[in-house]
Amino acid sequence: MIAAPVPEWAASKSLSDGIAIYVHIPFCPSKCGYCDFNSYGVSKDGSPGLEENLVARTVQATVADLEQSPFAGVPAKTIFFGGGTPTSLEVDDLTKILETLLKVHPPIEGAEITSEANPGTADASKFSAMRKAGFNRISLGAQSFSSTDLVRLGRIHGADQISAAVECARKAGFDNLNLDLMFGLPHQNLQGWKENLEQALALKPEHLSLYCLTIEPRTAFKRLYDSGKLHLPSDGVQVQMYDAAREFAEQNGYKQYEISNYAKSGYECKHNLEYWMANPYAGYGPGAVGCLPTTAGPCRTTRLLHPRRYCEAIESGGNPCAELEFLTDETVFMERIMLGLRLNQGISMQLLPPSQSVRNGVDRLLERGWATLQNNQLSLTRLGQDFCSEATLLLV
Ligand code: SF4
């Protein structure tokens, strides 16, 4: 049993405009080789290490987690079901969680309600039931349109299932759709990446998330990489792929608004913008993170990672939070810079402390041509985006 103290949350009046709500569904049909998310492979015939009824218990526990929320009544500005693979749940379970959430956090008018979906786990009837339940945005984990890439990545779906899933989502009434694609994949070349972009464009998504593959510790890819068996494109080719993505998006009417995200006008992901602008958010489900105001400053909560431990805590009437972290002013400032510089709109100088070291950092960014300062708003140039981490370090 965990012993995280319960903080004194700030009056919910300060949250009356609404907050972003994240729900974590930690199950996937199988584990992809590159993935370090809090996700657990559950095949239909049961998975080693996960007891048979753990998915059902987790659904119940997530519903209870919502129902006992100290923030009940705070409106939802945006809702995002991520994972894991939310669509790996039976649709009744998925919609039951959403129905509970909508009662606990009444959505503001026009709230964006997203679910991530894996093309191998969603069909017409599931999308249709999700749309009826209130989801209005789908974020589809396509990753690549090359069958070879998909097999190498350990994805459960084929390229043809991506277009089938898009078609089903459209028929179900989803008019706001994101495709996730990755570049810098093993054996991928620039031409292969450009072909992926073309295939994505043909499906006319409103939004594109284009990320470079990163090799995370404790993944199958990390072990392959360390043993020299993972052949990745060079850093130079990865930069060319990133440049190609930006150019492609621009030429086809997608505006870059974050370092890895592009949208048709008006279709920027409102939920992720709440994170990038360091606004408060709540998280439910195993491993979900929230960051909300307390009387002692912003507090970050992380729920127990493993679904079994999370269920045990909730079933025994305990606290599902594994960690509480009260953010210092320094941490708040650092995170604001790290997140704000990712956005094309940049960060307001008013949000930065007026210290000499920050002024020096800004001067160096301007000298190097990595940033511009207009109307008191500091934002990275295209060149600066290639050095985003280094640029951030100059300011913190
Ligand atoms: S589907 Fe997504 S969350 Fe699940 S294992 Fe693959 S990358 Fe991870």
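Trainee: Which residue follows helix 8, and what is its phi like?
Mentor: Gly 253 follows helix 8, and its phi is positive, near 85°. Helices here are DSSP runs of H or I with at least four residues, and strands are runs of E with at least two, numbered from the N terminus. This is a predicted model: local features need pLDDT of at least 70, side-chain atom pairs count only at pLDDT 80 or more, and totals for chains, interfaces and linings use all residues. Residues are numbered from 1 along each chain as its sequence is written.

Trainee: Which residues of helix 8 are buried?
Mentor: Met 241, Tyr 242, Ala 245 and Phe 248. Buried means 20 or more other C-beta atoms within 10 Å of the residue's own, exposed means 12 or fewer, and partly exposed is in between, with C-beta atoms placed from the backbone.

Trainee: What do the buried ones pack against?
Mentor: Strand 7 (177–183), helix 6 (190–202) and strand 8 (207–212).

Trainee: New topic. Where is Leu 394?
Mentor: Leu 394 is in helix 14, residues 388–395. Leu 394 counts as buried because it has 20 C-beta neighbours inside 10 Å.

Trainee: What does Leu 394 touch?
Mentor: Leaving out residues up to four places away in sequence, Leu 394 touches Gly 361, Arg 364 and Leu 365. Contact means C-beta atoms, placed from the backbone, within 7 Å.

How values were computed: Two residues are in contact if their C-beta atoms, placed from the backbone, lie within 7 Å.
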